Amino acid sequence: YKYTPNTLSVPAGKEITLNLKNDGFVSHMFIIFKQGTDAGEMFGPEDEENIYWKVEVLPGKSAVAKFTAPSEPGEYYVTCGLGGHHEVGMVGKLIVVEK
């Protein structure tokens with residue numbers, strides 16, 4: 001229940017391609033929150049409005065996903081929103097830097 005690496009650095013406003021691999025036996029998500037927000041102690045339905053982008057990767061599968069990085073530089077909270085994964089520490093950071 002972790003991201004490897006757990007911190008990613010990307011240029012502001014650029015299209016980003018993630019090559020995701022789930023070596024586990026359960027689904028996982030990669031959820032980027034809007035700047036200045038996070039899930040607190042528990043991830044729940046109230047967090048949906050704070051999500052910038054998300055993707056799910058099925059157990060034992062790989063996926064290629066694309067998103068446009070936020071245009072505002074800074075740190076963005078990343079977590080998995082499935083079945084208590086956030087609560088056991090499946091969190092990370094997306095660091096957006098000037099182009």
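Me: What should I know about the numbering and the confidence limits?
Reply: Residues are numbered from 1 along each chain as its sequence is written, and side-chain values use heavy atoms, with hydrogens and water left out. The model is predicted, so local features need pLDDT of at least 70 and side-chain atom pairs count only at pLDDT 80 or more, while totals for chains, interfaces and linings use all residues.

Me: How many salt bridges does a search of the whole structure find?
Reply: Side chains of opposite charge can pair when their charged atoms come close. The rule here is a side-chain nitrogen of Lys or Arg within 4 Å of a carboxyl oxygen of Asp or Glu. The search finds three. K21 meets D23 at 3.7 Å, N to O. E48 meets K54 at 3.3 Å. K93 meets E75 at 3.7 Å. This last pair links distant parts of the chain: K93 sits in strand β7 (residues 91–97), E75 in strand β6 (residues 74–79), 18 residues apart. Strands are DSSP runs of E, at least two residues, and helices are runs of H or I, at least four; both are numbered from the N terminus.

Me: Are K21 and D23 buried or exposed?
Reply: Buried means under 20% relative accessible area, exposed over 50%, and partly exposed in between (1.4 Å probe, protein chains only). K21 is exposed, at 62%. D23 is exposed too, at 61%.

Me: Which residues have the most contacts inside the largest nonpolar core?
Reply: In soluble globular proteins, nonpolar side chains tend to be buried together. A nonpolar core is a set of buried Ala, Val, Leu, Ile, Met, Phe, Trp, Tyr and Cys residues joined through side-chain atoms within 4.5 Å. The largest one has 26 residues, and L18, F30, I32, W53, F67 and L94 have the most contacts inside it. β2, β3, β4, β5 (62–68), β6 and β7 each supply at least two residues of this core. The largest share, five residues, comes from β3.

Me: What lines the largest cavity?
Reply: Rolling a probe the size of a water molecule over the atoms shows where empty space is left. On a 1 Å grid over the protein atoms alone, a cavity is a set of points where a 1.4 Å probe fits but cannot get out; a pocket is an open set with protein on both sides within 12 Å along at least five of seven lines; lining residues have an atom within 4 Å of a point. Points are joined across faces, edges and corners, and a volume is the space filled by probe spheres set on them. There is one cavity of 30 Å³ or more. The largest cavity has a volume of about 30 Å³. Its lining is Y3, P5, N6, L8, F30, V78, G92 and K93.

Me: And which residues are closest to the centre of the largest pocket?
Reply: The largest pocket has a volume of about 490 Å³. Of its 22 lining residues, K2, Y3, T4, K21 and M90 are the closest to its centre. β2 (15–21), β3 and β4 (51–57) each give two or more residues to the lining. β2 gives the most, with four.

Me: Which peptide bond is cis?
Reply: Most residues other than glycine have a negative phi, and most peptide bonds are trans. The bond from T4 to P5 is cis, with omega near 0°. P5 is in the segment before β1 (7–11).
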